[in-house]
Amino acid sequence: MNSSLEPLLRSFRFEVRLLQSPPGTEGSRADAASSVGLAGQALADGAFQECSGLDVELDVQELVEGGRNDGIIRRVGRAKYQPIVLKRGMFYSGGAVNRDLWSWLQDVAAGVRPVRRYDGIVAVMSVGDEVAARWLFERGLPARITGPQLNAKTGEIAIEELHIAHEGLKLVDA
């Protein structure tokens, strides 16, 4: 396969959807490919300008075997998932800002039960509106939200940033 003839995926055309996870027991494990993103109430509108954290890292365990001085044994450990980081401009209409993301984090911090968790779909589009790549993350919780950096000297748009801790990330068929 000659990679010079294949087009490269562009990262500027993407969509993020956050859909409420089905109710479940804390710590229960479902298959992300079968349970994520097909139903559930949406959070926000998906108009994010930046998405990062599509990272999975395996914790490789090193075992030192007695008498073996020419190397070590490596074993697969747990997968570690980085938080998904979403950035967007703060929406303002009808005299107030959109508070969906802030309300989610504030409800969790205030102890509102049951805790609302959201599954996420990050879709990257190719030419046209055809989805070329799709990542699914499951059972997300708001880990951090950052408000805009305010500066009276600039005319920049107010950007908010949401960090979502989750229980699994998969690249699936588009």
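1. Histidine 163 touches Ile84, Val85, Leu141, Pro142, Ala143 and Arg144, leaving aside residues up to four places away in sequence. The model is a predicted one, and the points below should be read with that in mind. Histidine 163 belongs to strand 13, and it counts as buried because its relative accessibility is 14%, where the limit for that class is under 20%.

2. Glutamate 161 is placed in strand 13 as well, which covers residues 159–165, and its side chain makes a polar contact of 2.6 Å with the side chain of histidine 163. With a relative accessibility of 18%, glutamate 161 counts as buried.

3. Which residues are linked with Glu161 in a network of salt bridges? The network consists of Glu50, Lys87 and Glu161. Within it, lysine 87 forms a salt bridge with glutamate 50, and the closest N and O atoms are 3.7 Å apart. That pair links distant parts of the chain, since lysine 87 is in strand 8 (residues 84–89) and glutamate 50 is in strand 3 (residues 50–52), 37 residues apart. Lysine 87, at 23% relative accessibility, counts as partly exposed, and glutamate 50 is likewise partly exposed, at 36%.

4. Strand 12 (residues 131–146) has several pairings that deserve a reader's attention. It runs antiparallel to strand 13, to which 5 bridges join it, and within this pairing arginine 144 has histidine 163 as its bridge partner. Strand 12 is also joined by 4 bridges to strand 14 (residues 169–172), again antiparallel, and leucine 136 stands opposite lysine 170 in strand 14.

5. The pairing of strand 11 (residues 118–125) with strand 12 is antiparallel too, and comprises 7 bridges; here valine 124 has alanine 133 of strand 12 as its bridge partner. The two strands form a hairpin with 5 residues between them, in which glycine 128 takes a positive phi near 80°.

6. The count of salt bridges comes to 9, and one of them joins arginine 117 to glutamate 167, with the closest N and O atoms 3.3 Å apart. Arginine 117 lies in the loop between helix 2 (100–109) and strand 11, whereas glutamate 167 lies in the loop between strand 13 and strand 14, so this pair ties together parts that are 50 residues apart in sequence. Arginine 117 is buried, at 9% relative accessibility, while glutamate 167 is partly exposed, at 27%.

7. A further salt bridge is made by the side chains of glutamate 62 and arginine 74, which meet at 2.7 Å, N to O. Glutamate 62 is in strand 5 and arginine 74 in strand 6 (residues 73–75), so the pair ties together parts that are 12 residues apart in sequence. Glutamate 62 is partly exposed, at 49% relative accessibility, whereas arginine 74 is exposed, with a relative accessible area of 55%.

Note on methods: Residues are numbered from 1 along each chain as its sequence is written. This is a predicted model: local features need pLDDT of at least 70, side-chain atom pairs count only at pLDDT 80 or more; totals for chains, interfaces and linings use all residues. Side-chain values use heavy atoms; hydrogens and water are left out. Buried means under 20% relative accessible area, exposed over 50%, partly exposed in between (1.4 Å probe, protein chains only). A polar contact is a pair of N or O atoms within 3.5 Å; within protein, one must be able to donate a hydrogen and the other to accept it, and residues adjacent in sequence count only if both atoms are side-chain atoms. Two strands pair if DSSP finds at least two bridges between them. Contact means heavy atoms within 4.5 Å. A salt bridge is a side-chain nitrogen of Lys or Arg within 4 Å of a carboxyl oxygen of Asp or Glu.
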